Amino acid sequence: MQQYVNLKINNVPVRAAKGVSVLDAAISNAICIPHLCHIPGLSDIGACRLCIVENIEDGRAKITASCTLLVQEGMVVFSDTDRVTKLRRNIAELLVAQAPNSKAIQDIAVRCGVTEVRYPFRNGDCILCGRCVRFCNEQARANALGFIGRGKDRHVDHPPGSLSAYCKNCNACIQFCPMSVTPCGGPMKKGEERLCGQCESQLSMTKDLPGVCVWCELGKSFQCSRYLAV
Amino acid sequence: MPKLKSYSDLEALHKRFLEDKKSSGLTLIIPDGTCCRASGSTEVIAELKKELAIQGRKEDIRMRTTGCHGFCEQEPIILIEPGNIFYCRVTPEDVKDIVSSAIKNGAVIDRLLYTDPVSGKKVMTEAEIPFYRAQDRQLLAFNKLVDPRSIKDYIAIGGYGALTKTLSGIKHDRVIDEIRVSGLRGRGGGGFPTGRKWTECAEAPGEEKYIICNADEGDPGAYMDRCLLEANPHLVIEGMIIGAYAVGAHKGYIYVRREYPLAVVYARLAIQQCREYGLLGENILGTSFSFDIDIGRGGGAFVCGESTALMASLEGKAGEPRAKDTHTVKEGLWNNPTVLNNVETWANVPLIIMDGAKRFASKGTKGSKGTKIFALTGQVKNTGLVEVAMGTSLNSLVFDIGGGAKNGRAIKAVQTGGPSGGCLPVSKFNLPVDFDALFDAGSMMGSGGMVVMDERTCMVDVARYFLNFLQDESCGKCVPCRLGIDRMLEIVTDITEGRGRPDQINLLYELAETISETALCGLGKTAPNPVLSTLRYFSEEYVAHVEKKSCPAGVCKALITYSINADKCNGCGVCLRSCPHDAITGRKKKTHVINAQLCRRCGICIGECNFEAITAI
């Protein structure tokens, strides 16, 4: 029999099945926690750190990613405190400075409140969210993709480094890649990268309810798992 | 060797080996660790063997090769017992003299004795050398008594006595109690109370439990774990067996980095000897308790020193940390309860069981008990491995043991805790070596690296060095660590190359906060420490770099110009000849001049000038 636990996310009482993550519990209860590397049905690795929340334990607020945090009875979690919002904005700023040529990441930057980018833009192709790798290994069971190298040299590749014979050509990696959606105005050339910010008007509807999912259009392009689940 | 079947078997063996040792006369002790070999101990040992054979004294003069004695500056060392005579910087040519004088009983060769750099006097015995005198060597003291390849040596000094004590009388929880009362805290860096860790693991549900010894030491300039494992592997193994008994584990791993080949060889040999003696394997010492140890070798990734990454690596996966919301004591290796401790922590366990928790707790401060080994490196006179009681001040470490600055320069800071630690200025040198005191000061104990810096060190450049290291060694899994450190490095490089802007300092603070709050693992969370601590204590250097575009220490090449002080230059021409870019001109016996356009700021001339006439500002 399915067991349930009760917890509070942003002071909202939530009942969730035992064993699910706080992020899943929040999304299925229409509480918005921005996220990028999480896809329903795949394992969570906590790589993008956008879904950070404050988990109150013994009176102390501990910041942790909600996708790898499992629900527990009596848990108290906040996803929209000033501290979390600020840290999330900083992470989104790092992401958009790295890969401005993705509508998904531009939209996440808007959703997380980035208004200026204080670093020089880099026209990166990959932000190593690992969606393709996990889908390929866990769902397609092809094991054709993996992470290679560490630190700055980390990249996604076929494990031996050449075109893999394991690839089933399912194209799911492309579908799930946040870089596959270019900004509305077309790809930005090197040296012309900017923070797009055009969807900012859409945020007005979340102004009074910052933590509530309003089925924003933003989520469509960055593949919010609420859209994926439907 | 038949397996030991009972405690009395071990006791009898101990007595026999001890008698054997007592009856031995003159013994020449030569440290032969990796660091000693780098200084040439292998050649000295080969020569010594040859010489003893020539003189026909192979039987009565014993020779013991041991692990490092800590005074790496003076190696190769030969220690003569009895007498405690200490010869340093021995060359193969000296060996003949040493052997013949040793045979003549007591004749001491003056030229090979250690000269105290402070008083200038020759010192005859090891005990009198200030470097050793100021230490409190509890773990390292065994190094000269034990040949790491010989289990006999270890049993002769009472080795595996703590294991007998544990298995024969004390119940599981009493062992943990003993460790908890001792106040032992993890020596790997975090300082987590070992007793609490063991309790949580012992209480965690699960049939299979694991014990891991973390010997994946990756901090630049730190080699405490290597030295312990190379010098006394049995001490670590005994600690692990006791730990396994306490928490109920039957399998253990020593995870050691591949760059420590000697440590791997010695640890493997020690495990094999233990199996032969019945100290590892089924029914240890005839009891119902079974435990075995295997060796896992790391590929040299710094991040694999982090507990979850280490376990992933042992499981055969890529060495990347995972979220630690469930602690590894409950779900560790293969999702089973696991106790992971550092080499030095394990090495302390037999001492606590043998001598009692009270004796261990009598040393140290309120929150940190016992002794701690540090690798003292950098700009001090005496570099090497030192062990001091917790609570000893940094002053005493740097000046009493380290002997103060090399070259008569002023000491500026000390970097503790490796890349995750911070730089503490001289004004903080009265701080005690204590987990909490160092943490509050913005640094951390870390695993024990201690790099001393003098006035010719630029703190912004130090921050850049560590960021560069961390950027290379970050696993790259999570965004704040991978991109955040990269951006911090970008900013700090800008500052050192003269492109810094005042607003970037605030950005550094904000980035540091983001990384330390949100990174996935402990290494990421502490990664901004080098920048934060230098910003905290040496902010004026950052300001000088950003606003005046100058480097006060004369290190950052883009910000300095070299010039010759006309009052000091006597026109000897040394700098002129040494300059690879022909940037220095001047006639003999006349003041020389540096052409700023041609000068590439390599710094060779500064090193060559005997009159300190060249300055970099």
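1. Domain bounds here come from an automatic or database domain assignment. On that basis chain B is split into five parts: domain 1 (24-129), domain 2 (159-361), domain 3 (371-457), domain 4 (460-548) and domain 5 (560-616). The model is predicted. Between the C-alpha centres of domain 1 of chain B and domain 4 of chain B the distance is 47 Å.

2. Chain A has 7 helices and 7 strands. Their order along the sequence is β-β-α-β-β-β-α-α-α-β-β-α-α-α. The globule rule gives 17 Å for 230 residues, and the radius of gyration of chain A, 18 Å, is close to that, so chain A is as compact as a globular protein of that length. The C-alpha trace of chain A spans about 50 × 40 × 30 Å along its principal axes.

3. Of the 230 residues in chain A, 42% are buried. Among contacts in chain A with a separation of 6 or more, 59% are between residues 24 or more positions apart.

4. Where do the two chains draw their contact from? The contact involves 26 residues from chain A and 25 residues from chain B. On the chain B side, helix H18 (459-473), helix H19 (479-496) and helix H20 (503-518) each give at least two residues. H19(B) has the largest share, with 7 residues. By type, the chain B side consists of 10 nonpolar, 6 polar and 9 charged residues.

5. Helix H23 of chain B covers residues 539-548, and its buried residues are Glu541(B), Tyr542(B) and His545(B). These three lie on the same side of H23(B), because the arc they cover around the axis is only 100°. Exposed residues on the other side of H23(B) are Ser539(B), Glu540(B), Glu547(B) and Lys548(B).

6. After H23(B) comes Lys549(B), which has a positive phi, near 50°.

7. A residue counts as buried with 20 or more other C-beta atoms within 10 Å and as exposed with 12 or fewer. Thr199(B) has 19 within 10 Å, and is therefore partly exposed. From Thr199(B) to Asp440(B) there are 241 residues in sequence and 27 Å in space, C-alpha to C-alpha.

How values were computed
Residues numbered from 1 in each chain as written. Chains lettered and ligands numbered in written order. Predicted model: local features only at pLDDT ≥ 70, side-chain atom pairs only at ≥ 80, totals over all residues. Contact = placed C-beta atoms within 7 Å. Helix = DSSP H or I, 4+ residues; strand = E, 2+ residues; numbered from the N terminus. Nonpolar A, V, L, I, M, F, W, Y, C, P; charged D, E, K, R; others polar. Arc of directions from axis to C-beta. Rg over C-alpha atoms; globule rule 2.2 N^0.38 Å.
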